[in-house]
Amino acid sequence: MFKLTKFAALAVLLGTFLVADISAQSTSGTVNMSGTVSKFVEINSGGAVSLAGNSGGGITANGSVNNPLAVVVNLGELGPSNTSSFVVADVPLKLRSNAAYVMSMIATVSSSGTTTNKIGASDIGFGLGAVTRTGVGVNSTGTDTNTTANDPTLVANGSINATSGRYEFTATRSNLSAFAASTTALSGSYIMNAVPRSNSNGLNVPAIFAVKPQFYENGTTTIAVTFTVTAP
Amino acid sequence: MRTNAFSISLLFGLLLFGGLGNTFAQTFDIASGGLPTITGAVGGSVTGSSSTNSNLSVTINFGEVSPANKNNIVKVIVPIAIRSTSPYKVTAVVTGATNVNAKARIFLLRSSTTIRRVCFSSPRTGALLIPPRSTTS
């Protein structure tokens, strides 16, 4: 009887080993994955700056496509000795995003003059030109809203004040006085489709600055403009 | 005497049964082949076991895969250990992916996946690759 009990115990033990052996086998495994795509926006230079109508001056630091925007332009002589109709600086911008974007702008203008005849922010015409979404990987069907008056030199955007005789950029957001505080200049839907960062295409838009040479008070003027792109 | 004969027969029977069970149980086995590694990630991580005796259970967080990640690619290598006593074949299926283009992910078994016979632990390495893109969020 005792032996029978021992063999029964042995049988149970072997059975346990067998069950343990079977349960130790694994014929499948799992790999669980996750990732994050955050909103992404960027602004870079869209290429070389063009300067026209200037007398003296020049482009001190030019734009280089797909590189950070850090342009320095000397508009040269803006008094009546410059006989051009306008001094115009065209600064190409390139924007890219994977979400709806807003490009705002803030500008400060400082002149050394002391009278109302000095160059002020309202004497610096500004506008964004044609927006283009072209190239592989660009969301070409996206839409954009340009809140500026386009090229400030357009006839519709300025005229001589009949009372003062001073030329003024009169259209809405057609000069830098409208951007004394951060103000939206351009907004739109996402720009890039699902392509690698190495894709160099994007949304291109020229920022156009213009000054009408006049009998301004003599002195020097500095203008600082900052563009900021966000994905609200 | 009769009890001893019965007991010996029972013991042989159990041993044979146990041996057969062992043969069937060891036919196929897949497990961790070592600690997974991740490269090119921004804020990503991977967890797994370095023990080849552990079940294959890996959790990967690729982290940031928008253009904010300036790396060329986010790459995870998951070592896999396979054992079998007869020709084997590894299959893979993707489940639970919502709002995801599976083509955006590349799965490669670096070693051959052709049917072959292996008797002991034979680690295989899989590579999971995701190139950072400007995917809309």
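**Entry 1: A:Ser97 and its polar contacts**

I began with the side chain of A:Ser97 and found one of its polar atoms 2.6 Å from the backbone oxygen of A:Ala99. I keep in mind that this model is predicted. The side chain of A:Ser97 also reaches the backbone nitrogen of A:Ile191, at 3.3 Å.

Where does A:Ser97 sit? I traced it to strand 6 of chain A, which covers residues 87-97. Is A:Ser97 buried or exposed? Its relative accessible area is 1%, and the cut-off for buried is under 20%, so I noted A:Ser97 as buried.

Then I listed its neighbours, leaving out residues up to four places away in sequence. A:Ser97 touches A:Phe40 and A:Val41, and also A:Tyr190, A:Ile191 and A:Met192.

**Entry 2: strand 13 of chain A**

Next I looked up which strands pair with strand 13 (residues 183-188) of chain A. Strand 7 (residues 101-111) runs antiparallel to strand 13, and five bridges join them. I picked out one residue here: A:Met105 has A:Thr183 as its bridge partner in strand 13.

Strand 10 (residues 144-146) of chain A pairs with strand 13 too, in the antiparallel sense, over three bridges. In this pairing I found A:Asp144 bridged to A:Gly188 of strand 13.

**Entry 3: over to chain B**

I finished with B:Ile82, which lies in strand 5 (residues 74-84) of chain B. B:Ile82 counts as buried because its relative accessibility is 8%.

Notes:
Residues numbered from 1 in each chain as written. Chains lettered and ligands numbered in written order. Predicted model: local features only at pLDDT ≥ 70, side-chain atom pairs only at ≥ 80, totals over all residues. Heavy atoms only, no water. Pairing = 2+ DSSP bridges. Helix = DSSP H or I, 4+ residues; strand = E, 2+ residues; numbered from the N terminus. Buried < 20%, exposed > 50% of the residue type's maximum accessible area, 1.4 Å probe, protein only. Polar contact = N/O pair within 3.5 Å; in protein donor to acceptor, adjacent residues only side chain to side chain. Contact = heavy atoms within 4.5 Å.
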